[in-house]
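Subject: Structure handover

Hi,

Here is the structure I promised to pass on. Please open it first, then read my notes below.

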Amino acid sequence: VDALAYLIDNYQGIEEITVEKLMEFVKGPDFPTGGILYRYREDKPDENTDAIAQGYAVGKSRLILQAKAHFEEMSRSRMRIVVTELPYQTNKTALIERIAALVREEKLQGLTDLRDESDRTGMRIVIELNRNADPKAVLTDLFKYTPLQQTFGMQLLALVDGQPRMLSLKRALHLFIQHREEIVRRRSEFELAKAKARAHIVEGLLHALDILDEVIDTIRRSQNVDTARANLMKNFQFSEVQAHAILDMQLRRLAALERKKLKEEFDELKKRIKYLEELLADSAKILSVIKEELLALREKYADARRTQIVDRTKGTL
């Protein structure tokens with residue numbers, strides 16, 4: 001939302017906005033299961049490409065996503081590894097089964113116990129080690145042989161005019177704003193037509209109240225509804241829609257209509273019609289509406305980031 005708001009505020013110069021500027025607002029992918037996202041895949045300076053920036057610049061990248069784990073000291077100089085967050089779409093049960101299988105196959109050394117202590121407060125997988133095990137070495141092997149570390153394919157793919165397109169971050173945000181422009185415009189046109197139709201009816205009811213006795217007398221003297229409608233249109237210059245609205249009301253309801261309430265409704269409708277007409281005539285005002293609605297969504301739904309983004313060089317944890 002902050003990135004969209006920035007684009008809207010700088011809409012006239014949108015071509016000059018860089019992906020680096022947008023990444024001040026959109027830090028990187030955020031996964032519901034948390035975890036750690038590594039920015040760099042290689043340790044060689046000439047190959048040290050920012051994978052997140054690359055993904056947002058061209059729409060495609062491969063990212064390393066890793067579980068969040070820490071060490072806890074136990075009695076008798078023993079340690080345990082505690083996993084509290086998993087890479088996105090990693091099945092916890094399958095992960096535990098994989099670790100157990102690796103222990104049986106003797107591909108993982110130094111483990112004495114493996115259990116799931118997850119509860120309502122959060123996830124907690126406990127891996128206990130013997131006193132001779134190196135916790136860092138064991139964790140490195142866990143990342144290497146289990147889904148605790150995964151490569152996540154990032155693709156900003158979307159349908160644009162019915163065709164699949166790989167999009168940069170700026171292009172995706174720009175297209176979304178254009179989509180919202182169309183939505184706000186269509187919604188406003190619909191609301192404007194509805195308000196004008198209602199204002200026309202209310203105007204007719206107000207006019208009918210001004211000449212209420214004549215209107216009621218005309219209706220009573222008419223042989224049927226069609227004749228009454230024709231007489232109202234002929235004698236008092238009501239439109240067909242207005243005459244129909246008057247006839248749809250029972251005479252006692254027509255007499256009981258409060259002029260003050262109708263006048264207030266008519267005044268509000270005129271204000272709304274004026275606002276909508278000005279909105280539809282000014283693209284800057286449409287953008288302002290889009291921004292206001294986006295900020296309201298942010299206020300209502302925004303929450304803290306879950307996935308931690310860190311730099312990485314090959315071989316480090």
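Which strands does helix H4 lie across? Helix H4, residues 92–104, lies across S5 and S6. Its direction is at about 165 degrees to that of S5. Bear in mind that this is a predicted model.

Helix H5 is next. Spanning residues 135–145, H5 packs on the sheet. There H5 touches S3, S4, S5 and S6. The angle between the directions of H5 and S4 is about 40 degrees.

Now the sheet itself. It is open and has four strands, in the order S3-S4-S6-S5. The pairing is antiparallel. Strand S3 (68–73) and strand S5 (111–116) are the edges, and each pairs on one side only. From one strand to the next, the twist averages 20 degrees.

Strand S4 covers residues 79–85 and strand S6 covers residues 125–129. Four bridges join the two in the antiparallel sense. In one of them, Val82 has Val126 of S6 as its bridge partner.

Helix H7 (residues 212–221) and helix H8 (residues 225–236) have axes that come within 9 Å. The two cross at roughly 145 degrees, and the crossing is right-handed. On the H7 side, the contact is made by Glu214, Val215, Thr218 and Ile219. H8 supplies Asn231, Leu232, Asn235 and Phe236. What kinds of residues make up the contact of H7 with H8? Four are nonpolar, three are polar and one is charged.

Best wishes

Conventions:
Residues numbered from 1 in each chain as written. Predicted model: local features only at pLDDT ≥ 70, side-chain atom pairs only at ≥ 80, totals over all residues. Heavy atoms only, no water. Pairing = 2+ DSSP bridges. Axes fitted to C-alpha atoms, helices over the stretch in contact; angles between N-to-C directions. Contact = heavy atoms within 4.5 Å. Left-handed = near helix turned anticlockwise from the far one by under 90°. Nonpolar A, V, L, I, M, F, W, Y, C, P; charged D, E, K, R; others polar.
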